Amino acid sequence: MVRGGRSGPHPLWREEVTAGVLLERDRECGVLHAVARRLADGQPGVVTVVGEPGTGRSALLAHVVEEAARLGVAVAVARGRRWEADIRWGAAAQLREALSARLPGWSRLDRLDGADHVLVDLCAGVLAAARDRPLLLVVDDVHWLDPDSATLLEMLLRRIRQAPLAFVLSAVGDRPTLVEEPTPPADLLTPLTTPRLSDVAVARLCHERLGTRSDGPVTRAVVANGHGLPGLIVPALAEFAADTADRASAERIAAILARRRVAQVDELVDGLPADCLALLRVLAVAGDDLDPRSTRGVPGLADVRPDTPERLRATGLVGGHDRLRPAAQVADRVLAAMGPVERSALHVAVATAAHRLACPDDVVGRVLLGAPPVGARWASDALHRAARRALRAGRQEFGVALLDRALAEPLRPDDRSLLTVELACAQVRDRPHAADRNLAAAVLRGGAHRAEAVELLLARGALDTVHRVVAHAVAEDPTEHQALRALRRLAGLSGADGTRWDEPDPHAGDDAVAGGVEAWRLAVVGTDPVRTRDTALTALGGPPELALHRLLGAAALVLADEPDLARPVFEDVLDDASRRGVRVTAAFAALGLAATAYRCGALEQSAAHLDRALAELPLPSWAPRMRGYPLALRALVELARGCHDSAERAVAGDLPAEVEGGFGWTGLLHARAAVLVASGEPERALRDLEECGRRLAGRGWHNPALIAWRPLAVEALTMIGDREGVATLLGEEFRAVTGWSTRSCVGTAWLLSARTGGPESGLRSLRRAERELRESPARLAHAQAQADLAAALPGGSGEGEWLRATALRTARECGARPLARRIEAMPARRRHPRSDDVLAGLSPAQTRAVRLVAEGLSNPRIAQALGVARRTVEMHLTTAYRKLGVAGRAELVALLGAGEGL
């Protein structure tokens, strides 16, 4: 109808739509007011108002209608409707009704045939009405105009300069299709956009509509669930305001908003034409990763028209510019309305199209997650590649889902074996029990990756499972693989079937895996370090997909005082396992590096490697039988660094009952005892240490380098004054060292003897301890021996001052703050050592090279003087620097410069 001077909402809009929701619309209102004023003065203009559904486009149109009526401008209002989009003259009939009083000659539109002359006559009639009185045409939702009405509106836009005529057009999307260039003239066009409301505006709206009931939680719920859409928020607030007080809560308003949002989506979806609905279904499956117009064979898309995407965009159900994409809620509602069979078939069709179009694997894989087994090789391959990519990117849940779905496809035994192992590796962090079940299944089903599954089960501490599934596999296939047999032996040695640790493996030299198991057996038995070292070196090769034997060999090398050989092995395994996503193996490799660094006195490095191990596999994901290892090492490292509280926390937490029966329990007993000794509780420490010793002896693990429980027990016994107990343990330690005579073990035993008044004099024991430890990787033990020797030397000994300074530097470099504080508290010596005392540990050739350095000769001149190659001189000096504990030539000269005899 023609309006002028009246107030109140136009009947085409509901009251709730036009209820003054103009927050953050000052600019838009100003533009519309200006157009209405110019039109009242006879100047034409066009304003487009675009935005997504619910952003208040209709409220702005209602506002300009009221403003134009106030200014005395004639107004005709029409609205496109989705259900009238295919009915001729739908919006034109609304304009005819509005202008009928001023155009009595217009015929009924339902009797017109749409000929060009009819459109011209209609257009001329509207222009005549505008010349009689300025006319504002307001058309809402122009995207739903029927073709005849759209043509009429387009003709009027082209003739806008012929009369005082203005348009306000509203549409969903970027801009109405009717106002593309050259219609209308660019100088008359003003585009407006209705964005979503800001959080501040939503909060203000809540306060205006609810008053005191708009407390913090309620407002936050509206902000979180209203999506900034006034068309959604205003009616929801009205419903909430009418609710009773006892139900007026944040949860209630959130539920109202969610229900209304679903109803809004359902209303839009239910009214879609068949072609738009088919396209929306494909988009719900494919998202914006696949252009549905380029696919063939997807159900329903054969009927999609060229304008279907734009018509679908006009509903506001999809967004995007180059490619359409429905919101998650829209996609869920669309797919939920389909039957299971229809939905599965759609996923298969879309996945097939994506594969044919060479879409990325993660796109194909994501679509296949909703599809039944396809039965084609490309499907399992795409899922597998997509899973690997997702896991490398840290998308753990998505990667696990892809692998699980890939296993639903028909697969060859070797492919199924590989996928099952990879699935278990991906599950081990968050679902360790599911990982164990999949590993067991991989062994039982056979395939090329059965040995990998067995070694991962061993790393998880599932000894009984290994014994059971391997026995079943062997029963089915008597030609047992050598690696599988060796891993089964390791499970037996660890207690699954009672295999004795003192029984050698006759096949150890035939296979790298068997060699790794045998090297570890020799290491823990502790009777032959040379043979252990040689056997461990044979374990560093073998199948690249297996790693446990290399970890065992490297661990044996560490116990044999060969950390420089072991460290690269741990690093290679860590890099390879991290790259392949085998978290259990990566965690144990990092733990091996941490233990190696601790034995070498590199406490900061040890802590960093331990952090890496727990990042690869958080503590709750470690099998209970294995959990004691990282906890014990953490406590020992923190104690050596002087972080007593951290060490105490590491051993004081509640642990599952299975931990007590696991491999790491003995280490945890030792670490807990170390914390108790440091806390001044020797009696409690002794109980743990005695239990630790019994468990090690019961397993047949006699290597004193494995867990140094006797030295700690001797310290505890000394604290309570049990001299007889000290003597007994000291004798046991020397007997154990006789079998495992590495320099670190021998030096530690002599240091222990010197501290407790052993059979030889303290000074002699200390000198021997210092000499043995000097050649060992145990830097902190060497620093302790140097400090004790410095304290035992006569007060005027220059050697003592040099030993004290060297020990202090080592303690500081290692980060051993308690040891450094103890050395700092020792009384300072007055004299520098005599050069003969300082150089006593060097060979004759090294001594000659060092003395020539002190005289100021360069390496080439020293080589000339000694008649040897320059490389030989460099080798002598490097060895001498390490023995003397100096960093280079300058420190060497400083050390010897004040000595006697130079």
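**Note on the predicted model**

1. Arg 196 and Glu 52 form a salt bridge, with their closest N and O atoms 2.7 Å apart. The structure is a predicted model, and this distance, like the other values below, is computed from it. The two partners come from distant parts of the chain, 144 residues apart. Arg 196 sits in the loop between strand E5 (189-193) and helix H6 (199-210), while Glu 52 sits in the loop between strand E1 (45-50) and helix H2 (57-70).

2. In general, side chains of opposite charge can pair when their charged atoms come close. With a side-chain nitrogen of Lys or Arg within 4 Å of a carboxyl oxygen of Asp or Glu as the criterion, the count for this model is 48 salt bridges.

3. Helix H10 (residues 274-286) packs against helix H13 (residues 340-356), with the axes 10 Å apart and at an angle of about 70°. Angles of 65 to 115 degrees count as roughly perpendicular, and H10 and H13 are therefore roughly perpendicular to each other. On the H10 side the contact is made by Arg 281, Val 282, Val 285 and Ala 286; on the H13 side, by Glu 342, Leu 346, His 347 and Val 350. By class, this contact has five nonpolar, one polar and two charged residues.

4. Four cavities of 30 Å³ or more turn up in a search of the whole structure. The largest cavity has a volume of about 60 Å³. Its lining consists of Ala 78, Ala 91, Ala 92, Leu 95, Val 139, Leu 145, Ser 149, Leu 152, Leu 153 and Leu 156.

5. Helix H3 (90-99) and helix H5 (147-158) each supply at least two residues of the lining of the largest cavity. The largest share, four residues, comes from H5.

6. His 143 lies in the loop between strand E3 (135-140) and H5. Neighbours within four places in sequence aside, His 143 is in contact with Ser 170, Ala 171, Val 172 and Ala 314. The C-alpha atoms of His 143 and Ala 85 are separated by 8.8 Å, and the two residues are 58 residues apart along the chain.

Key:
Residues numbered from 1 in each chain as written. Predicted model: local features only at pLDDT ≥ 70, side-chain atom pairs only at ≥ 80, totals over all residues. Heavy atoms only, no water. 1 Å grid on protein atoms, 1.4 Å probe; cavity = no way out; pocket = protein on both sides within 12 Å on 5 of 7 lines; lining within 4 Å. Points joined across faces, edges and corners; volume = space filled by probe spheres on them. Axes fitted to C-alpha atoms, helices over the stretch in contact; angles between N-to-C directions. Parallel < 35°, antiparallel > 145°, perpendicular 65-115°, else oblique. Contact = heavy atoms within 4.5 Å. Nonpolar A, V, L, I, M, F, W, Y, C, P; charged D, E, K, R; others polar.
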